[in-house]
Amino acid sequence: MIVGVGIDVVDVARFMATVERVPALRVRLFTPDERDLPDASLAARFAAKEAIAKALGAPPGMSWQDATVRRVAGAQPVVEIVGTVLARARELGVDRFHLSISHDAGIASAMVVAERDT
């Protein structure tokens, strides 16, 4: 059963200009494993985190650090959640996320479906 759907689109150059202007954002928004990714991949991870939040109803108080997107060679990316994001997912009964991310022509996008067993 689908619990929620989220989508987000990010202009890579604009996003990276903001991150460069406010370096603390890199630490605030991304886990240590994500911080050194190429610009387009970083923007795509941000779009994914936004889409995850939207799929969970975008409640206040969720930490950006509590969702990590891992790339798996030859497979779709994997969403790992802990802390505040895990708590919200449990509250809604979410068992899994389906995530699609892409970046091309200066745009990064992500779409998430949050699902629970019926």
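Buried residues (those under 20% relative accessible area, where exposed means over 50% and partly exposed lies in between, with a 1.4 Å probe and protein chains only) make up 40% of the 118 residues in this protein. You are looking at a predicted model, in which local features need pLDDT of at least 70 and side-chain atom pairs count only at pLDDT 80 or more, while totals for chains, interfaces and linings use all residues. Residues are numbered from 1 along each chain as its sequence is written, and side-chain values use heavy atoms, with hydrogens and water left out.

**Overall build**

- The protein has four helices and five strands; helices (H or I, at least four residues) and strands (E, at least two) are DSSP runs, numbered from the N terminus.
- The C-alpha trace spans about 45 × 30 × 20 Å along its principal axes.
- A compact globule with 118 residues would have a radius of gyration near 13 Å, and the 14 Å of this protein agrees with that. The radius is taken over C-alpha atoms, and the globule rule is 2.2 Å times the number of residues to the power 0.38.
- Among contacts (heavy atoms within 4.5 Å) with a separation of 6 or more, 55% are between residues 24 or more positions apart.
- The accessible surface comes to about 6500 Å², and 55% of this surface belongs to carbon and sulfur atoms. Such areas come from the Shrake-Rupley method with a 1.4 Å probe; for residues, only the protein chains shown count as cover.

- Three strands form an open sheet in the order 1-5-4, with antiparallel pairing; two strands pair if DSSP finds at least two bridges between them.
- Strand 1 (2–11) and strand 4 (96–104) are the edge strands, each pairing on one side only.
- Neighbouring strands of this sheet are turned by 10° against each other on average, direction ignored. Axes here are lines fitted to C-alpha atoms, for helices over the stretch in contact, and angles run from 0 to 180 degrees between N-to-C directions.
- Strand 1 is joined by nine bridges to strand 5 (residues 107–115), and the two run antiparallel. In this pairing, Gly6 stands opposite Val112 in strand 5.
- Helix 3 (residues 39–55) packs on the sheet and touches strand 1, strand 4 and strand 5. The direction of helix 3 makes about 150° with that of strand 1.
- Strand 4 is also joined to strand 5 by nine bridges, again antiparallel, with Ser100 opposite Met111 in strand 5.

**Two alanines with positive phi**

- Strand 4 and strand 5 form a hairpin with two residues between them, and Ala105 sits in the turn. Phi of Ala105 is near 55°, a positive value in a residue other than glycine.
- Ala105 counts as exposed because its relative accessibility is 73%.
- Ala58 lies in the loop between helix 3 and strand 2 (67–70). Phi of Ala58 is near 50°, also positive in a residue other than glycine.
- Ala58 counts as partly exposed because its relative accessibility is 48%.

**What the record says**

- An unreviewed UniProt entry carries the annotation "domain: 4'-phosphopantetheinyl transferase" for residues 4–90. UniProt positions are given in the numbering used here, feature names are shortened, and annotations may be inferred rather than shown by experiment.
- The span of residues 4–90 is 47% helix and 18% strand, and its end C-alpha atoms lie 13 Å apart.
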